[in-house]
Amino acid sequence: MHFISEELENYVAAHSENEPELLQQLNKETHQKVLQPRMLSGHFQGRVLSILSKIINPKHILELGTYTGYATLCMAEGLHTDGTIDTIDINEELEEIQSKYFEQSGKRNQIIQHIGNALEIIPLLDKKFDLVFIDADKENYINYWNLIVPMMNKGGIILSDNVLWSGKVLEKLKPNDKSTPILLEYNKITKEDPRVETVLLPIRDGLTVSRIL
């Protein structure tokens, strides 16, 4: 779903930073070889992630939902020189393409890949995070939030993707829809949680920025 016209989206992308060549290659290979390439952050949102990471200059980043590693590499652009990014995905079949581009990025030693259930992996990470990107299974967004907020440094940023869910947050709920009710509750939580201040940006499918107080 396009929240603004496709022509205007193209204009926005054309007047934002160019997509780095390595990410162009990853974008192309994802569309050629991987199912549901729409899950890729893509040029514009990728540049948003990049510039936010550069502003924050995080020591430790956590990403839930690696997919092919596009957003991982975007956020890694702003990573502190001795920082780390832990990225978690349930799908081990994507690990090969992730590793291929992580190696080429020059950030390989700072990127830690985890394959498995994020709810089990997150509590094992003995770190305080400065930047978190939640872009995994929507049914567990609230569970992720509850785990992550206490692990954040003061002033840290939590980014939550797909919070407009193709506009379904405004539509009548369907009986078999499990994700939309969770996202409706999640959006309420991120707005009302006294530990954060939040703004929901209508970027692509909705990107919430929550800052730890």
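Hi everyone, let's start with Ser166, which sits in the loop between E5 and H8. A word on those labels: helices are DSSP runs of H or I with at least four residues, strands are runs of E with at least two, and numbering goes from the N terminus. What we have on screen is a predicted model, with local features taken at pLDDT of at least 70 and side-chain atom pairs counted only at pLDDT 80 or more, while totals for chains, interfaces and linings use all residues. Residues are numbered from 1 along each chain as its sequence is written, and side-chain values use heavy atoms, leaving out hydrogens and water.

Back to Ser166: its phi is positive, about 55 degrees, although it is not a glycine. Which other residue belongs in this part of the talk, with a phi near 65 degrees? That is Asn162, again a residue other than glycine with a positive value. Asn162 lies in the loop that runs between strand E5 (152–161) and helix H8 (179–192).

Now to the rings. How many aromatic pairs does the structure hold? There are 2, where a pair means rings of Phe, Tyr or Trp (its six-membered ring) with centres within 6.5 Å, called stacked if the planes are under 30 degrees apart, edge-to-face if over 60, and tilted for the rest. One of them is Tyr141 with Tyr186, edge-to-face at 5.1 Å centre to centre and 70 degrees between the planes. Tyr141 lies in helix H7 (residues 141–148) and Tyr186 in helix H8, so this pair ties together parts that are 45 residues apart in sequence. Are these tyrosines buried or exposed? Tyr141 is buried at 0% relative accessibility, and Tyr186 is buried at 0% too. Next comes Trp145 with Tyr186: the ring centres are 5.8 Å apart and the planes stand at 90 degrees, so this pair is edge-to-face as well. Here Trp145 in helix H7 and Tyr186 in helix H8 are 41 residues apart, a link between distant parts of the chain. Trp145 is buried, with a relative accessible area of 1%. Put together, Tyr141, Trp145 and Tyr186 make one aromatic cluster.

On to charges. A search of the whole structure finds 9 salt bridges, defined as a side-chain nitrogen of Lys or Arg within 4 Å of a carboxyl oxygen of Asp or Glu. Take Arg47 and Glu77, whose side chains meet at 2.8 Å, N to O. Arg47 is in helix H3 (residues 42–56) and Glu77 in the loop between helix H4 (70–76) and strand E2 (84–89), so the bridge ties together parts 30 residues apart in sequence. Arg47 is buried at 9% relative accessibility, whereas Glu77 is partly exposed at 27%. Glu77 also meets Lys54 in a salt bridge, at 3.4 Å, N to O. That one links the loop between H4 and E2 with helix H3, 23 residues apart. Lys54 is partly exposed, at 46%.

Last stop: Lys127 and Asp86 form a salt bridge of 2.5 Å, N to O. Lys127 lies in the loop between helix H6 (118–121) and strand E4 (129–134), and Asp86 in strand E2, so parts 41 residues apart are tied together. Lys127 is partly exposed at 22%, while Asp86 is buried at 2%. Thanks, everyone!

Key: Buried < 20%, exposed > 50% of the residue type's maximum accessible area, 1.4 Å probe, protein only.
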